[in-house]
Amino acid sequence: MKKSRENWGSRIGFIMAAAGSAIGLGNIWRFPYTAGANGGSAFIIIYLAFTFVIGLSVMLAEFTLGRKTHLAAVGAYKHHSKNWTFVGVLGVVSAFLIMGFYPVVGGWALSYIFKSFTGVLSDASAIGSVFEGFIKNPIQPIIWTLIFFGLNVVIVAKGIAGGIEKASKVLMPTLFILLILLAIRSLTLPGASAGIEFLFKPDFSVVTGQTYLAALGQAFFSLSLGMGCMVTYGSYISKKERLPLDALTVTALDTAVALLAGLAIFPALFAFGMEPAAGPGLVFVVVPTVFAQMGGIGIILSALFFIALSVAALTSSVSLLEVVAAYLIDQKHIPRKTAVYSIASIMAVIAVFASLSLGAMSGATFLGVGIFDFLDILTDKIFLAVGGLLLAIFVGWVVKKEDLERETTNEGTVKFVLFNVWYNIVKYIVPVAVAIVAVLGITSIEQKGVMFFGLGVIGVLALFSKKL
Ligand code: TRP
């Protein structure tokens with residue numbers, strides 16, 4: 001362990017940063033529409049069970065691996081065995097590719113803060129076409145995406161305690177307050193109770209295999225698991241912290257925000273008689289439509305909502321940029337600023353093309369899909385699932401049990417009563433559950449070209465990434 005390696009400045013700072021990574025578009029954009037499309041409360045119950053049994057255990061495994069080695073994703077695996085280096089590399093590649101499309105949506109969110117005030121969102125009947133027109137525009141969304149990148153670069157270039165932690169300590173409480181305000185407004189609308197029923201009254205007749213698949217995928221994505229993100233954040237935790245408690249806190253915060261986002265969106269949605277299963281356009285179309293029907297106060301609420309969405313997206317994308325930067329810093333000894341500027345520039349170029357692939361360049365496809373969809377499928381459906389599976393196998397079967405016990409109990413100085421329960425979940429339950437979901441999920445990908453390409457990339461990495 002080098003003396004110069006950075007650390008989080010305080011426990012609360014680390015919790016805010018890790019929660020900032022977890023809480024993102026996944027909670028406010030993806031969770032509501034996924035829940036909506038999968039029947040609401042029954043999905044949510046399954047999602048909660050997966051989050052607190054599997055997600056929480058995997059998060060603790062990632063923190064443990066990171067802090068034990070004080071190395072980010074690639075180094076943490078390599079430290080144990082060169083044969084496993086590629087799992088870390090897969091994580092870095094995933095983070096890099098997610099940064100090729102996630103900031104595009106982050107840019108949309110930023111622009112909607114301003115659109116809330118310009119009046120383009122005030123005519124409820126035109127909101128759908130405003131969104132369509134905007135994301136297909138060859139210039140506007142790109143400018144917003146680049147601004148979003150700029151914010152990322154400024155934060156990550158300042159480092160762990162001085163950049164990511166500092167920003168998260170301001171941004172996360174802001175996000176919590178905004179969402180609570182929005183949920184209160186939504187819950188006090190006449191007719192809000194139908195939304196509460198949708199969220200909390202389970203109807204298990206709508207549950208199918210796909211529901212479980214969607215629930216576990218959502219749990220992993222929302223908690224930032226499966227690609228070494230929490231390994232990297234874990235690598236900056238001080239040896240005095242209690243890892244199990246930290247993992248529980250971050251998981252609970254992430255879940256609370258997903259539910260809060262549901263409480264902000266569904267009661268209002270039902271109050272205005274709209275459909276819950278509106279797909280990815282839900283927060284950019286349905287939500288502004290609801291606000292438009294509220295008149296003047298709707299403008300303010302809309303701006304607040306998109307500030308919250310932008311903040312959530314920003315603290316998550318920061319963690320993705322950090323994963324790639326940390327690799328270059330730890331393994332290639334490149335200075336932080338150089339690493340951040342160069343890697344973010346390349347990501348931004350990819351993001352520009354991802355944005356164009358939704359409009360001006362929609363004719364240009366690779367393996368049957370545009371770049372935006374290609375990157376989304378490749379990472380979310382393939383790399384994260386395989387990455388999560390391999391991580392659990394690695395922690396459960398390769399890392400020594402005594403080492404894990406020492407790390408999770410701070411060398412035996414604090415108690416972790418559930419150590420054996422956790423260890424067995426990671427060793428047996430997680431690999432089986434994730435393997436089932438990974439196989440079902442990957443084989444159900446409609447774009448077979450992308451599926452084979454993704455699996456091929458993993459194969460190539462497994463063979464050739466030992467030296468990275
Ligand atoms: N968890 C974030 C969200 O909910 C997205 C994210 C950040 C992520 N880092 C990640 C997803 C690492 C998977 C892996 O929006």
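Let's start at Thr 85. Setting aside neighbours within four places in sequence, Thr 85 is in contact with Val 74, Tyr 77, Lys 78, Ser 465, Lys 466 and Leu 468. Contact here means heavy atoms within 4.5 Å. Thr 85 sits in helix 5, residues 85-98. Helices are DSSP runs of H or I with at least four residues, numbered from the N terminus. Thr 85 is buried, at 0% relative accessible area. Buried means under 20%, exposed means over 50%, and partly exposed lies in between, with a 1.4 Å probe and protein chains only.

A word on the source. This is a predicted model: local features need pLDDT of at least 70, side-chain atom pairs count only at pLDDT 80 or more, and totals for chains, interfaces and linings use all residues. Residues are numbered from 1 along each chain as its sequence is written, and side-chain values use heavy atoms, with hydrogens and water left out.

Now the core. The largest nonpolar core has 178 residues. Helix 15, residues 296-332, gives the most to this core, with 18 residues. A nonpolar core is a set of buried Ala, Val, Leu, Ile, Met, Phe, Trp, Tyr and Cys residues joined through side-chain atoms within 4.5 Å. Among the residues with the most contacts inside the core are Trp 8, Leu 175 and Phe 305. Take Leu 175. Not counting residues up to four places away in sequence, Leu 175 touches Ile 23, Ile 28, Ala 308, Val 311 and Ala 312.

Stay with helix 15. Phe 306 is found there. Phe 306 is buried, at 0% relative accessibility. Phe 306 and Phe 114 are 192 residues apart in sequence, yet 9.0 Å apart in space, C-alpha to C-alpha. Beyond its neighbours within four places in sequence, Phe 306 has contacts that include Ala 109, Tyr 112, Phe 284 and Pro 288.

Next, the ligand. Which residues come nearest to the ligand? Of the 17 around it, they are Ala 22, Gly 26, Tyr 102, Phe 221 and Ser 224. A residue is near a molecule if one of its heavy atoms lies within 4 Å of it. Oxygen atoms of the ligand give us some distances. One is 2.9 Å from a backbone N or O atom of Ala 22. For a polar backbone atom of Gly 26, the distance is 2.7 Å. For an N or O atom in the side chain of Asn 27, the distance is 3.4 Å.

Phe 221 comes up again with Asp 380. Asp 380 touches Arg 30 and Phe 221, not counting residues up to four places away in sequence. Asp 380 lies in helix 17, residues 371-398. Asp 380 is buried, at 17% relative accessible area. The side chains of Asp 380 and Arg 30 are joined by a polar contact of 2.5 Å.

Now two loops. Most residues other than glycine have a negative phi. His 70 has a positive phi of about 50 degrees. His 70 is found in the loop between helix 3 (41-69) and helix 4 (73-80). Buried or exposed? His 70 is buried, at 8% relative accessible area. Leu 367 has a positive phi of about 55 degrees. Leu 367 is in the loop between helix 16 (336-356) and helix 17. At 37% relative accessibility, Leu 367 is partly exposed.

Last stop, helix 19. Helix 19 has a kink of about 40 degrees, centred on Ile 425.

Key: Bend = angle between axes of the 7 residues up to and from the residue. Polar contact = N/O pair within 3.5 Å; in protein donor to acceptor, adjacent residues only side chain to side chain.
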